[in-house]
Amino acid sequence: MRGGPGDAERRQRWGRLFEELDSNKDGRVDVRELRQGLARLGGGDPDRDAQQGISPEGDADPGGGLDLEEFSRYLQEREQRLLLLFHSLDRNQDGHIDVSEIQQSFRALGISISLEQAEKILHSMDRDGTMTIDWQEWRDHFLLHSLENVEDVVYFWKHSTVLDIGECLTVPDEFSEQEKLTGMWWKQLVAGAVAGAVSRTGTAPLDRLKVFMQVHASKTNKLNILGGLKSMIQEGGMRSLWRGNGINVLKIAPESAIKFMAYEQIKRAIRGQQETLHVQERFVAGSLAGATAQTIIYPMEVLKTRLTLRRTGQYKGLLDCAWQILEREGPRAFYRGYLPNVLGIIPYAGIDLAVYETLKNRWLQQYSHDSADPGIPVLLACGTVSSTCGQIASYPLALVRTRMQAQASIEGAPQLSMLGLLRHILSQEGVWGLYRGIAPNFMKVIPAVSISYVVYENMKQALGVTSR
């Protein structure tokens, strides 16, 4: 890298930037003015960057903002750090960062991105059309952002381009070190839990109908959607459509917390001496974390099924249901259907993740030429289709799990193992018997995704969580 511009030119450039940011012309740049400037530039976290930028070491009055001299000292320090970062990403030291070096930077942190995605990131910074980033372009793009290391740069790119790295409901959310330090991670978990609670409550009648059909529908009774709804309402009234929803909502918080803590511990165990994990290793860690959470909260799953299927007056409440199961069937009853439940996690997560990434990348390649952000409608559509494909693959195991959870409470029902139940269903009802109740399950996907998204975004705003 050859020498940069002279000191006089640099101070002129800093002066022009200072005048541009000093919107009220009081000779100082305060947090509000810096935040507005960062918001115009886009990307990163304007609130965090503005607060850190306006309170550098040596500033006598951080509350009053920075004068030109303090602002110049801050920018001089920023340029020195950015130059070091530029050299660390410029792996072949040719004075430019290209597409392959952007991909390598992501890969070093265990995140795999396509060539097209890397090109879109580069295009957002490339002002001269060379499809490379030189020092001036790098400096001008990141000058006001508080980036300390390569991980911060990748975090900036991830959040500024809505670059999805394959999160799904089965695999826990990935949080950066900055999000963990600032406490942003727990706010996101709370926002997700509230969104899940509202979404599950809104779609509870369809969920109860699914469980009802999984257990009671057969070739002989030909129970369908309308028949199932009518039967449930006749037995217990409209309120009965929400049976089991209380515990379904109650188990969101412990499951999310256990999954998050297990994910962090498993990642640490897999990583060993490595600095980062590859995408496949993160997926394994996520699946194991999901299985860990399911193992611990599984008794709540059994209670949810029993409460969902209960007749009017059968149980006085959650504790009475748990006591009756324990008294009549013993502790092992709380883990009926555990094996098919755990076996269903991996195919669902794998197919959901693969289909989501394939659809999103295909759309970006064909229809998005100047942005790495496909837009909310496209992301919701990809998520809906991928979730549907994952459900089709794992649904037979989910049905077997539900029947095993419920069979002890149904008079005359055979008490079968997982394989025995599979053989019984196939011999009595054929392959279609493994998909009883899938229609209401599909019906709830779009409203569940939509409600969850709207509530999640509003909760993030209420809690002060920065959107990607």
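Before anything else, a word on burial: I call a residue buried under 20% relative accessible area, exposed over 50%, and partly exposed in between, with a 1.4 Å probe and protein chains only. Now the ground rules. This is a predicted model, where local features need pLDDT of at least 70, side-chain atom pairs count only at pLDDT 80 or more, and totals for chains, interfaces and linings use all residues. Residues are numbered from 1 along each chain as its sequence is written, and side-chain values use heavy atoms, with hydrogens and water left out.

Let's start with the aromatics. Rings of Phe, Tyr and Trp (its six-membered ring) count as a pair if their centres lie within 6.5 Å; planes under 30 degrees apart are stacked, over 60 edge-to-face, and the rest tilted. Searching the whole structure turns up five such pairs.

One of them is Tyr298 with Tyr338, an edge-to-face pair at 5.6 Å centre to centre, with 85 degrees between the planes. That pair ties together distant parts of the chain, since Tyr298 sits in helix 15 and Tyr338 in helix 17 (residues 338–367), 40 residues apart. Helices here, by the way, are DSSP runs of H or I, at least four residues, numbered from the N terminus. Buried or exposed, what is Tyr298? Its relative accessibility is 0%, so Tyr298 counts as buried. Tyr338, at 26%, is partly exposed.

Next, Tyr395 and Tyr435: their ring centres are 5.9 Å apart and the planes are at 10 degrees, so this pair is stacked. Again distant parts of the chain are linked: Tyr395 is in helix 18 (residues 376–406), while Tyr435 is in the loop between helix 19 (418–429) and helix 20 (438–443), 40 residues apart. Tyr395 is buried at 2% relative accessibility, and Tyr435 counts as buried too, at 19%.

Technical notes: Helix = DSSP H or I, 4+ residues; strand = E, 2+ residues; numbered from the N terminus.
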